Amino acid sequence: MAVEDARAVDSAWIIERANEVRQTGSTLIRNLLPVDKIDELNRVFQPLLAETVRAEGGAGNRGPNRYYVTPPFRPPWTDASIINNDIIMAIVSELVGVDGVFCQLATDTPCQGSQYQTLHRDTQSLFPEWEQETPPYQLAVNFPLVDCNSENGPLEMAPSTHLLAKDEALHRIESGEIPLQQVLMKRGDVLIRDVRHIHRGTPNQTDQPRPMVVLGYSRRWLFRPEVQIRIAREILEQLPLRTRNWLRFNPVFNTLEGAEKSEELYRSFAY
């Protein structure tokens, strides 16, 4: 039995990882995804990034020289070893329920000349007027397409800030009570995180882009209209049943061309 398969059926280990997310805001799993698959994603991603850079005039669409790019939902992005990974899905299901939703496929890429992002969360609290946080309801599954180091723009996170009101979390970070921690990941590593934790992107000081993929998951009742996957029926029909179930609330198009044109149109308004 492969190592990853052994971990996938170890329910105690799965619960331990899920509890780490509940307590600290994230869990980092090393050597989970096949590196050859990651390298293939990077190969097909580079032209997408170059096209976005040209369209933005080199200015960036998520701050200076930082780019948010939405890949088309088709192979190799739909590889089952990634979007139907047993370990990822077991931990995600433990956190947002077996009836959750797969709602996002995107990338964040700092290039040379990028800057520190403002400390932020990736979603609002469900009830900001209530001075308590709820259990997890939205997750990001991140994995880099190149090895991350301290020079090429790694993510910085403040642990356990998902349990605090945002203003209180920022105050504790600014006072030094809660330190920011760099997340250095290799190809094949996976970070599962509660998107409410305080974090930021850092400057890429190298001449090579640092792409980070995000797969977004949420509880079944959460809908953010700006976060969805546009799917061609022909792609959907090729996917494993579990993946199809997790995609069930996303818009489905009769053709691949229709799905991708819809995505392009939406992004032209979003930016």
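User: How many helices and strands are there in the protein?
Analyst: This is a predicted model, in which local features need pLDDT of at least 70 and side-chain atom pairs count only at pLDDT 80 or more, while totals for chains, interfaces and linings use all residues. Residues are numbered from 1 along each chain as its sequence is written, and side-chain values use heavy atoms, with hydrogens and water left out. Helices (H or I, at least four residues) and strands (E, at least two) are DSSP runs, numbered from the N terminus. On that basis the protein has nine helices and 11 strands.

User: What is the radius of gyration of the protein, and what would a compact globule have?
Analyst: The radius is taken over C-alpha atoms, and the globule rule is 2.2 Å times the number of residues to the power 0.38. For 271 residues the rule gives a value near 18 Å, and the protein agrees with this because its own radius of gyration is 18 Å.

User: What percentage of the residues of the protein count as buried?
Analyst: Buried means under 20% relative accessible area, exposed over 50%, and partly exposed in between (1.4 Å probe, protein chains only). Of the 271 residues, the buried share is 50%.

User: Among contacts between residues at least 6 apart in sequence, what percentage join residues at least 24 apart?
Analyst: A contact here means heavy atoms within 4.5 Å. Of the contacts between residues at least 6 apart in the protein, the share joining residues at least 24 apart is 83%.

User: Why is strand S4 described as largely enclosed by the rest of the structure?
Analyst: In a regular strand the side chains alternate between the two faces of the sheet. Gln138, Ala140, Asn142 and Pro144 point one way from S4, Leu139, Val141 and Phe143 point the other way, and all are buried. S4 (residues 138-144) is therefore largely enclosed, the buried count being seven of seven residues.

User: Which residue of S7 stands opposite valine 141?
Analyst: S4 is also joined to strand S7 (residues 190-194), in an antiparallel run with four bridges. The S7 residue opposite valine 141 is isoleucine 192.

User: Which strands stand at the edges of the open sheet of three strands?
Analyst: The sheet has the order S6-S5-S8, with antiparallel pairing. Each edge strand has a single partner strand, so one side of each is left without a neighbour in the sheet; these are S6 (181-183) and S8 (199-200).

User: Which two residues are joined by a cis peptide bond?
Analyst: Most residues other than glycine have a negative phi, and most peptide bonds are trans. Here a bond with omega of about 5° is cis. Proline 76 lies in the loop between strand S2 (66-69) and helix H4 (80-83). The cis bond joins proline 75 and proline 76.

User: Is asparagine 31 buried or exposed?
Analyst: Asparagine 31 is found in the loop between strand S1 (26-29) and helix H3 (35-55). Its phi is near 55°, a positive value in a residue other than glycine. Because its relative accessibility is 61%, asparagine 31 counts as exposed.

Terms used. Pairing = 2+ DSSP bridges.
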